[in-house]
Amino acid sequence: MKLKIFGFFLGIIAVSSISSAKAQSSEIFTQIDENNKIIQMQAQNRDNSQQQPPLIDRKIFFGDPEISGAQLSPDGKYLAFRKPLNGVINIWVKGIDEPMSAARPITEDKNRPIPAYFWSQDSQYILFVQDKGGNENFRIYAVSPTDKVAKGQVPKAKDLTPDDQVRAIIYAVPENNPDTIIVGLNDRDPKFHDVYSINIATGARKLLYKNDSNVSNWVTDLNGNLRLAVINLPDGSTQINRIEADSFEEVYRCQFGETCSPVRFHKNGKQVYMSTNKGNDVDLSQLVLFNPQTKKLELVDSDPEKQVDFGSPIFSEETEELIGTVYIGDKQRIYPKDKEFAADLAYLKEKLPDGQLGMSSMTEDGQKMIVTVSSDIDPGSAYLFNRQTKKLSLLYQILPELKRENLAKMTPIRYTARDGLEIPAYLTLPVGKPARNLPVVVMPHGGPWARDVWGYNPYTQFLANRGYAVFQPNFRASTGYGKKFLNAGNKQWGTGAMQHDITDGVKYLIDQGIADPKRVGIFGGSYGGYATLAGLAFTPELYAAGVSYVGPSNLITLFNSVPPYWESFKAELKLRMGDPNTPEGKKQLQQQSPLFSADKMKSPLLVIQGANDPRVKQAESDQIVAALRTKEIDVDYLLAPDEGHGFRQETNKLAVAAALEKFFAEHLQGRYQEAVAPEVKKQLDDLTVDISKVQVSK
């Protein structure tokens, strides 16, 4: 059972498309009146105001989890998961009936944690991806868990895409040809991905299609045959083409501002599931079945509550039938489309602790699955569920040392922007403090074409534990709320409505008496880092401090330095951000760039950057640091030479957390953990840049 996850332009996850869709939950969303929410939150905090919880060690929040990411082999014989080996997250495997303690490592990366992996269809291999230092030039590796090796050794992994300068994309893992994967490689031209089949056992590569047509995404049927090519056109529209031999036939098109994204082919091989909101009378995206041959389309599913876009489909590994759909409202919710699956969901909700249910892995016969349960105050637990016998076995708890009773509830709220538009958001109030005159940390999400969701967030809980209210607004341009809400953010960065929504949310908290107007900070990653810089530059009286984590400061240099493989995405970027190649576009982007208003900044700033970031280059942070170093405000700069767009190595994450909490404690008067482990202190010293030596090229 697979739930497809999409990424975004300035998010800290891999890029795929601007369309939204991520969820794996069964909790039904119930709308609660906004004012009642605030009153209930205040009452809850007043009741607990006698004592704050103890400081939770930052390593519990940001250290590598002992076990995570379990996946069943398709044949049901093995369980794989991610676990540290000599301080670095690697992949481990055990027999399905063996205890977790019997697991053995099958990889031994000594430098960077392995971010993602999956089983081959025949259960013979585990395939994983890895880059170098965060440069996102991912290579694909294969390792056989059953290879015989000497004690203390791991099987040798095959490098299926051995080129440091190439970014590999996995398009398909066909069931009828389990020795093969279908991948995209930009080895011929860094701008475009040609399509290859690669033999997992030998590494032999065969060119299937040469990309001379600016194709941004290739879609196969369940047998691995190339069927569709998606092209982003210069006018910002999206064209879906049927592949016929060496030619394309356009079969579907959505205009700029609309979304049409193939999800996967139907098992009949004739139709394809798509998420689309095409049409003047359609706002929320829907799941449809489309026939590329006849061009006939039929509606499959849309949000029963008519609130949000289509989220994710759930398909049976056994029958390939659609058995459920997932939506993300204020909370995640799932709707079964199959009687057996509905019965399973009901049983799981009865037997498992309260929380959101996620199904991350299922065997090929559909009888065993990995079920996770999580919530806003629980990073989750993983169970093995036998659908036939109804046996549930706890595999592991994520972060078992984290005391859940000390964490803070995340509450969905709504507020009204200055132009009358309702903005959804999440507010987390610190435990044990009255909800009055609190220090607040605003956390705008990355993307910006993404959204925050209800659930466990380590930064949210870390800051709440330090005594801050944490505010996470889904400002316009956030995905999931329909195309009108998304498109309302076009060209509205910085000085426009996107930033105004964040500002209006802060003012709402001040008017409610929750926020101390003198102790409001802002912190975000990627686009959230940009929003931090914009907040300090364009509303300098609002924030007492800001932290920009891989955030761009100059929208013109940002646009001109995007990776070459985003070539097909540039047309849409111009329409959503602004075109730096036109006089009016350049003027607009310059006005919206915090760098050109750096002289207005008054509050202390902490800048965090990965030197190998391919999306937000180091120059973005260098520029703003250099512009501010002559001003009489505090500017601190952390630069990691071995990281990219978001840090993955444990000591780097811990160094950032230590710097973050001390910075906010100094400027917002929250709590912080004074003790710093020697290795973290050394890493923090190594990452700290002498800003007098920062150089900026002309």
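The structure holds 27 aromatic pairs, a pair being two rings of Phe, Tyr or Trp (its six-membered ring) with centres within 6.5 Å. A pair of aromatic rings is described by the distance of the centres and the angle of the planes. For Phe128 and Tyr141 the centres are 5.2 Å apart and the planes sit at 15°, so this pair is stacked; planes under 30 degrees apart count as stacked, over 60 as edge-to-face and the rest as tilted. The pair ties together distant parts of the chain, with Phe128 in strand β6 (residues 126-130) and Tyr141 in strand β7 (residues 139-143), 13 residues apart. Both Phe128 and Tyr141 are buried, where buried means under 20% relative accessible area, exposed over 50% and partly exposed in between (1.4 Å probe, protein chains only). Elsewhere, Trp449, Phe475, Trp493, Tyr527, Tyr530 and Phe569 make up one aromatic cluster.

A word on the model: it is predicted, so local features need pLDDT of at least 70 and side-chain atom pairs count only at pLDDT 80 or more, while totals for chains, interfaces and linings use all residues. Residues are numbered from 1 along each chain as its sequence is written, and side-chain values use heavy atoms, with hydrogens and water left out.

Tyr527 from the cluster turns up again in a helix crossing. Helices (H or I, at least four residues) and strands (E, at least two) are DSSP runs, numbered from the N terminus. The axes of α6 (residues 497-511) and α7 (residues 527-538) come within 11 Å and cross at roughly 75°; axes are lines fitted to C-alpha atoms, for helices over the stretch in contact, and angles run from 0 to 180 degrees between N-to-C directions. The two helices are therefore roughly perpendicular to each other, the label for 65 to 115 degrees, with under 35 counted as roughly parallel, over 145 as roughly antiparallel and the rest as oblique. Met498, Gln499 and Ile502 in α6 meet Tyr527, Ala531, Ala534 and Gly535 in α7, contact meaning heavy atoms within 4.5 Å. By class, this contact splits into 5 nonpolar, 2 polar and no charged residues (Ala, Val, Leu, Ile, Met, Phe, Trp, Tyr, Cys and Pro are nonpolar, Asp, Glu, Lys and Arg charged, and the others, Gly among them, polar).

Another crossing involves α12 (residues 650-668) and α13 (residues 678-687), whose axes come within 9 Å at roughly 80°. That makes α12 roughly perpendicular to α13. Thr651, Asn652, Leu654, Ala655 and Ala659 in α12 meet Val680, Gln683, Leu684 and Leu687 in α13, giving 6 nonpolar, 3 polar and no charged residues.

Leu399, in the loop between β27 (391-397) and β28 (410-416), is buried at 8% relative accessibility. Leaving aside residues up to four places away in sequence, Leu399 touches Ile60, Pro65, Pro379, Arg404 and Tyr456.
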